[in-house]
Amino acid sequence: AKEAGKNNCQFYTKGMNATAVNYLLLENDLRRAIEQQQLTLYYQPQVDLKTGEMTGVEALVRWQHPERGIVSPAHFIPLAEETGLIVPIGEWVLREACRQQKLWLDAGKYIGKIAVNLSPRQFRQKNFPGKVEAILAEIGLAAKYLELEITESCAMEHAGETINQLNQLNQMGMYLAIDDFGTGYSSLAYLQRFPVQKLKIDRSFIHDIHDDANYAAIAKSIIGLAHNMQMRVIAEGVENEGQAEWLRTHGCDQAQGFFYAKPMTAKQLEGHFRNGRFY
Ligand code: C2E
Ligand code: CA
Ligand code: CA
Ligand code: CA
């Protein structure tokens, strides 16, 4: 029996999907990532398409793994969401973004609003608005310096609850944005009831915007939709002048992407910032 057990075990090890093993190892490491201070935030500028001025930054989390190097959030956020680790990680991100914003403000550096990504499990917590309020109070940051992003698919999934959460956050005075817009299935009736100030056009529509009529048509409708609902609209993933020019011509308000700047550390961002302007 012992022999068979051993064989089974061997079989199991060999047969087990390498990515599944990897995932388990990664989960263990992720549990310790916060206390071991392996998480950091990078910041990517958002720019006003008419004036070229920086309107704010999006905070993007990075995990500096001791052996694997930088692990992409596209890889570990889904894992964090699945395991519930997103709750402490998301709270760390929010606190760190607010802490950094407060440091900048106290130093007289107005970077604009700081946008933080929320994942569905984090946003759905019953006491989430209360948690945000507590963090702002603890840090001494006014809500108007913070922007929260939830994805279109998260917003629409339980739209009734979403309205409730967004109303509470909106009443505190922060800015709210719908991320990855155009990739989910929006009910326009709900969209109109969400107290949000901004739509972010998903970068998949931006890539071929100047030579694909279908993408151009989608982007035009999103810009029109946002403006008809008194919202601002920002395009993400802007990588070249052609895309920026198209967006400017078609009335998009803001842009974000490698054409302007890659996500960078707080220190690097400060190096681009002189006399209240971003260079
Ligand atoms: P997202 O919210 O759509 O963030 C934008 C992503 O596009 C970022 O990837 C950014 O680096 C990338 N990007 C920016 N400009 C360009 C460009 O011009 N071209 C291209 N190809 N890509 C560009 P990143 O930082 O790897 O983040 C990936 C996703 O992970 C984010 O997508 C977001 O969904 C999630 N994420 C990142 N940080 C957090 C966080 O703190 N909390 C949560 N819940 N999710 C996060
Ligand atoms: Ca985002
Ligand atoms: Ca996005
Ligand atoms: Ca995205």
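Student: Which ions does Asp-179 bridge, and how far apart do they lie?

Tutor: Asp-179 bridges the calcium ion (ligand 2) and the calcium ion (ligand 3), which lie 3.8 Å apart. This is a predicted model, in which local features need pLDDT of at least 70 and side-chain atom pairs pLDDT 80 or more, while totals for chains, interfaces and linings use all residues. Residues are numbered from 1 along each chain as its sequence is written, chains are lettered from A and ligands numbered from 1 in the order written, and side-chain values use heavy atoms, without hydrogens and water.

Student: What makes Glu-58, Asn-117, Glu-149 and Asp-179 coordinate the calcium ion (ligand 2)?

Tutor: Donors are N, O and S atoms within 2.8 Å of the metal (3.2 Å for Na, K and Ca); water is not among the atoms, so sites may look incomplete. The four residues coordinate the calcium ion (ligand 2) at 2.2 to 2.3 Å, so their atoms meet the calcium limit.

Student: Why is Glu-149 called buried, and Asn-117 partly exposed?

Tutor: Buried means under 20% relative accessible area, exposed over 50%, and partly exposed in between (1.4 Å probe, protein chains only). Glu-149 has 1%, so Glu-149 is buried; Asn-117 has 28%, so Asn-117 is partly exposed.

Student: How do you know that Arg-62 makes a polar contact with ligand 1?

Tutor: A polar contact is a pair of N or O atoms within 3.5 Å; within protein, one must be able to donate a hydrogen and the other to accept it, and residues adjacent in sequence count only if both atoms are side-chain atoms. A polar side-chain atom of Arg-62 lies 2.9 Å from an oxygen atom of ligand 1, and therefore the pair qualifies.
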